[in-house]
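Me: I am new to this structure. Can we walk through it by question and answer?

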Protein chains: 2
Amino acid sequence: MHVDELETPSVLIDLDRMERNIARMQDYCDQHGLAFRPHIKTHKCPEIARLQIEAGAVGIACQKISEAEVFAGAGFNDLQIPYNIVGAAKTARLVDLAMYNRVTVSADHLTVIAGLADAAGAEDLTLRVMVELATEIERAGAPVDEVVTLAQRIDAEPNLHFAGLLLYPSNPAIRPLLQEALDRLNHAGIGVDVVSGGGTGAAFHAHEIPELTEIRVGTYIFNDWATVSKGWAALDDCAMAVLATVVSRPTPDRAILDAGSKTLALDSVDGLHGFILEYPNARIYKLNEEHAYVDLSACDDRPVIGDRLHIIPAHTCVVSNLHNRLYGVRDEQIEVVWPVAARGRVW
Amino acid sequence: MHVDELETPSVLIDLDRMERNIARMQDYCDQHGLAFRPHIKTHKCPEIARLQIEAGAVGIACQKISEAEVFAGAGFNDLQIPYNIVGAAKTARLVDLAMYNRVTVSADHLTVIAGLADAAGAEDLTLRVMVELATEIERAGAPVDEVVTLAQRIDAEPNLHFAGLLLYPSNPAIRPLLQEALDRLNHAGIGVDVVSGGGTGAAFHAHEIPELTEIRVGTYIFNDWATVSKGWAALDDCAMAVLATVVSRPTPDRAILDAGSKTLALDSVDGLHGFILEYPNARIYKLNEEHAYVDLSACDDRPVIGDRLHIIPAHTCVVSNLHNRLYGVRDEQIEVVWPVAARGRVW
């Protein structure tokens with residue numbers, strides 16, 4: 001089927017670019033002796049993760065147990081969930097998943113570790129638990145002076161295994177803190193098998209932190225207007241585009257597209273909700289759920305009602321989550337249709 | 001099932017409040033002789049729309065053909081799509097839908113009307129087309145001096161019926177413009193059956209524009225932090241809450257919840273992504289896909305890891321679109337589970 005036959009809005013994946021992005025990241029990791037663990041949140045499609053594994057990835061990272069369950073069902077067995085899993089219902093599901101898979105989670109607090117220990121103990125199996133180190137984004141994560149306490153507690157639990165350190169993002173500036181954490185663990189006599197970094201922006205700097213043994217990266221596979229704007233990728237590294245139609249031209253300077261926040265999500269870069277390939281000077285300045293507002297005042301040529309445009313979204317991962325299918329395109333033909341199997345998994 | 005048994009994040013609907021919101025809006029419309037047409041984008045559940053119809057609504061409004069298809073399949077037959085339907089594939093689907101249902105769409109341009117006429121002509125049936133009048137939100141919509149031209153063109157097409165004027169939002173300030181449009185149509189000898197206004201903020205002001213014959217309103221059924229902040233509803237009119245868990249307390253002033261932009265969407269009010277009922281002074285200042293960042297610095301009491309919190313989302317409609325189920329709650333018991341049947345319909 002030709003891409004022109006697709007209805008809009010639809011999410012197109014340029015297969016040549018995606019394959020090139022997969023190969024480039026794996027080559028980098030291979031060159032530097034790093035394990036590569038793709039974060040599947042960006043695509044949520046087992047078939048795409050399979051391509052990443054075939055290229056050399058060691059396993060996958062997911063952000064939710066429900067996502068890991070989908071991927072386990074599709075045959076993936078090395079599942080890392082870099083998140084505090086909290087509450088008896090969730091830790092029980094985690095243990096179920098760990099019965100037949102290599103499951104690794106993270107923790108940043110004794111309370112989290114206690115919950116994991118209880119659940120693993122109830123089934124008498126061993127959960128792999130990494131300690132998450134706080135970074136400059138000030139999200140979750142333990143401060144460096146708590147790392148030894150947490151690792152010791154994990155190792156003291158008969159049903160938990162201390163599986164290393166995890167951090168996000170692993171920008172080079174974090175190295176002194178990471179070294180301090182490793183020194184403290186070393187002095188406490190605690191072995192650290194894995195040091196897992198992450199983030200598309202940090203990925204190609206991983207060799208500047210030789211302490212890293214693996215990286216988790218998601219966005220690199222498609223890229224988006226955010227990664228381009230930050231200089232992490234070139235425009236022609238963007239493998240995802242949202243195909244949209246001009247549905248209204250109410251004034252000479254304004255176009256309305258059928259790709260709103262239900263299609264592109266509300267993420268933005270410098271206040272703009274994506275980049276229109278056909279009209280580089282157009283500005284997507286506002287989104288309602290079903291309307292994109294486009295300012296054409298800086299455009300010499302301007303689209304008419306019915307024109308179909310390609311939008312590089314501000315943030316690729318959230319677009320995948322909003323759609324039921326991704327269309328893999330090569331030479332303008334739809335070569336493959338991927339159901340977004342782990343879409344909308346919030347548990 | 002008790003609400004405490006639900007996993008998080010989950011979307012709770014307070015049934016008492018929802019029923020009260022439905023009744024209040026219908027009573028208002030009944031008192032003022034207005035037809036009421038709920039916009040189903042807010043809940044996307046046929047079972048909930050059925051409650052609105054049973055209360056007295058004349059039909060529904062949807063924002064996409066694919067949403068209308070879901071509701072037609074569930075037995076709803078008066079379907080209004082206040083949107084320019086553009087492109088041969090979409091207009092053909094619209095005509096399919098119009099074979100067995102009363103379907104009304106809007107248009108703001110001759111190009112849109114021509115596409116509708118072609119599709120309706122191919123099947124020799126009649127499509128109902130309203131003209132959308134531009135308003136102060138500067139989205140789609142025709143200027144007042146084009147309304148007669150568009151209405152005449154619709155009426156001149158053998159397979160289109162001019163079904164009236166449509167505007168969003170119908171705030172009282174728009175009245176002079178609406179009157180001008182109606183005067184122009186009157187002078188041109190064009191009858192106007194329906195004048196359809198809309199918007200939760202404008203709803204209870206509809207009687208100030210006696211020219212309106214119907215209103216389309218969505219958000220009123222659940223309300224959200226935006227409608228409360230604008231003074232359109234009270235906090236105890238909010239029927240939707242997202243149940244979330246505190247998964248990390250990395251610093252005394254920060255909590256991380258398991259409800260990120262994949263759960264709450266990125267919509268905000270004054271930069272905040274919702275309101276936490278248990279901690280009114282807490283501020284949800286940032287969202288990643290699976291993390292809400294909460295500033296607790298103004299809170300006397302503070303939550304611990306594992307605590308479950310109720311969040312009134314900034315924007316209710318986009319939350320429904322992200323979830324597969326809504327949980328109807330009364331007296332802390334899950335009384336009903338609604339699948340969000342029209343979730344994720346982007347075509």
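Predicted model: local features only at pLDDT ≥ 70, side-chain atom pairs only at ≥ 80, totals over all residues.

Me: Which residue takes a positive phi in the hairpin of β16(B) and β17(B)?
Reply: The hairpin has two residues between its strands. Most residues other than glycine have a negative phi. Here one takes a positive phi near 50°, and that residue is Asp331(B).

Me: In chain A, where is Glu332(A) found, and what is its phi near?
Reply: Glu332(A) sits in the loop between β16 (325-330) and β17 (333-339) of chain A. Its phi is positive, though the residue is not glycine. The value is near 70°.

Me: What is the strand order of the open sheet in chain B?
Reply: The sheet has eight strands, and their pairing is parallel. Its edge strands are β2 (35-38) and β3 (60-61) of chain B, each pairing on one side only. The order is β2-β9-β8-β7-β6-β5-β4-β3.

Me: Which residue of β9(B) stands opposite Phe36(B)?
Reply: β2(B) and strand β9 (residues 214-217) of chain B run parallel. Four bridges join them. Opposite Phe36(B) stands Ile215(B).

Me: Now the sheet in chain A. Which residue of β5(A) is the bridge partner of Asn84(A)?
Reply: Chain A has an open sheet of eight strands with parallel pairing. Within chain A, five bridges join β4(A) to strand β5 (residues 102-107). The partner of Asn84(A) in β5(A) is Ser106(A).

Me: At about what angle to β2(A) does helix α1 of chain A run?
Reply: Helix α1 covers residues 15-31 of chain A. The helix lies across β2 and β9 (214-217) of chain A. Its angle to β2(A) is about 150°.

Me: Are α6(B) and α7(B) roughly parallel, roughly perpendicular or oblique to each other?
Reply: Helix α6 (residues 147-156) of chain B packs against helix α7 (residues 175-187) of chain B, with the axes 9 Å apart. The angle is about 50°. Roughly parallel would need under 35 degrees, and roughly perpendicular 65 to 115. The two helices are therefore oblique.

Me: How many of the residues in the contact of α6(B) with α7(B) are charged?
Reply: α6(B) brings Val147(B), Val148(B) and Ala151(B), while α7(B) brings Ala181(B), Arg184(B) and Leu185(B). Five of these residues are nonpolar and none is polar. The number of charged residues is one.

Me: In which hand does α1(B) pass α2(B)?
Reply: Helix α1 (residues 15-31) of chain B and helix α2 (residues 46-55) of chain B pack at about 35°, with their axes 10 Å apart. Ile22(B), Ala23(B) and Gln26(B) meet Leu51(B), Gln52(B) and Ala55(B). The crossing is right-handed.

Me: Which element gives the most to the side of chain A that touches chain B?
Reply: The contact takes 47 residues from each of chain A and chain B. Elements giving two or more residues on the chain A side include α4 (88-98), α5 (110-123) and β10 (240-251). With five residues, the top giver is β10(A).

Me: How are the two copies related?
Reply: A rotation of 180° superposes chain A on chain B, with 0.0 Å of shift along the axis and an RMSD of 0.0 Å. The copies are thus related as by a two-fold rotation axis.

Me: Which residue of chain A comes closest to the rotation axis?
Reply: The distance is taken at the C-alpha, and it is 2.9 Å. The residue is Leu266(A).

Me: Last one. Which peptide bond into Pro9(A) is cis?
Reply: Pro9(A) lies in the segment before β1 (10-14) of chain A. Most peptide bonds are trans. This one is cis, with omega near -5°, and runs from Thr8(A) to Pro9(A).

Definitions and conventions:
Residues numbered from 1 in each chain as written. Chains lettered and ligands numbered in written order. Axes fitted to C-alpha atoms, helices over the stretch in contact; angles between N-to-C directions. Parallel < 35°, antiparallel > 145°, perpendicular 65-115°, else oblique. Contact = placed C-beta atoms within 7 Å. Nonpolar A, V, L, I, M, F, W, Y, C, P; charged D, E, K, R; others polar. Pairing = 2+ DSSP bridges. Least-squares fit on C-alpha atoms with pLDDT ≥ 70 in both. Left-handed = near helix turned anticlockwise from the far one by under 90°.
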